Amino acid sequence: MVTTPKIIILIALAVLQAPGFGVLSAPSKCPNSPQVTGYSSWTSLKNDIELGNGGGIFTICPSSILNAADKPTGKNKWSWIFLNNASSGKGLTIQCGDNGSLEDNCTIQGSTHHFTMANNPGKIIIKGITFKGSKMSCIHGVGVKNPVDIIDCIFTRNTDTQKTNENAGTINLDSGSKSFTFTNCQFVNNLHCSNDGKLINIEQELSATFIGCIFQGNVGKLYLVHAYPCQRRVSGFQKMQVYG
């Protein structure tokens with residue numbers, strides 16, 4: 001029997017909630033920007049987001065390259081980060097540097113997924129990050145009901161190797177996920193051709209809105225917008241103002 005992504009996420013959540021999972025790592029002064037307090041390690045960021053109570057702001061250190069394939073020691077065998085601690089009061093923000101700016105050069109790369117979320121109780125904001133080299137999806141949402149805003153991010157050179165999984169995509173929203181907004185993001189040189197591979201896989205309409213985004217040099221289907229075969233490069237979406 002093949003385990004679906006939704007089942008994997010739910011199993012992982014049970015593991016994360018088990019007693020004695022770990023202790024908080026806490027951010028520290030950034031190596032290249034000592035005036036900024038943040039995270040330069042994927043495992044530390046993962047640990048604190050998943051153990052934190054009530055969300056808050058998590059800052060990635062400027063000029064950091066975080067390897068999403070790094071796995072922490074302990075019970076959690078999945079390397080990607082589950083964003084399910086966003087409280088209705090605080091929400092959860094992950095940003096590059098103090099201002100969430102692309103100019104601060106924060107990159108997350110590798111692994112199967114980068115961020116996954118299911119039934120988040122509060123708002124999630126992701127700002128100014130480059131997502132690179134995922135092998136299935138950078139953002140994976142399952143049944144996400146509350147707003148998720150992804151702002152000024154770049155998605156580049158992501159692909160899929162799951163040849164039997166037709167739900168792969170740089171952005172993968174399924175099982176009733178709604179309220180996703182992508183603002184001023186760039187999707188550049190991504191490749192999704194396995195099975196029915198899609199650059200953006202959205203199970204149902206009105207699940208996401210794209211404002212001022214750029215699509216350039218991608219291969220695969222831009223699902224629910226235009227379906228091109230993998231042999232044709234998707235280049236006709238230089239300025240997609242709104243999609244919903």
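# Exercises: a buried helix and the cysteines

Eight of the 10 residues of helix H2 (residues 42-51) are buried (under 20% relative accessible area, against over 50% for exposed and partly exposed in between, with a 1.4 Å probe and protein chains only), so H2 is largely enclosed by the rest of the structure. Helices (H or I, at least four residues) and strands (E, at least two) are DSSP runs, numbered from the N terminus.

This is a predicted model, in which local features need pLDDT of at least 70 and side-chain atom pairs count only at pLDDT 80 or more, while totals for chains, interfaces and linings use all residues. Residues are numbered from 1 along each chain as its sequence is written, and side-chain values use heavy atoms, with hydrogens and water left out.

**Exercise 1.** List the residues of H2 that are buried.

**Exercise 2.** Count the disulfides, taking a disulfide as a pair of cysteine sulfur atoms within 2.5 Å, and describe the link of Cys-30 and Cys-61.

Solution. Step one: the rule gives two disulfides. Step two: the sulfur atoms of Cys-30 and Cys-61 are 2.2 Å apart, and the two residues form a disulfide. Step three: the angle about the S-S bond is -80°, and this link is left-handed. Step four: Cys-30 sits in the loop between strand S1 (28-29) and strand S2 (37-38), and Cys-61 in the loop between strand S3 (56-60) and strand S4 (65-67); the pair links distant parts of the chain, 31 residues apart. Step five: Cys-30 is buried at 2% relative accessible area, and Cys-61 is buried at 1%.

**Exercise 3.** Describe the disulfide of Cys-96 and Cys-106.

Solution. The sulfur atoms of this pair are 2.1 Å apart. The torsion about the S-S bond of Cys-96 and Cys-106 is about 75°, so the disulfide is right-handed. Cys-96 belongs to strand S6 (residues 92-96) and Cys-106 to strand S7 (residues 106-109), so the bond ties together parts 10 residues apart in sequence. Relative accessibility is 0% for Cys-96, which is buried; Cys-106, at 1%, is buried as well.
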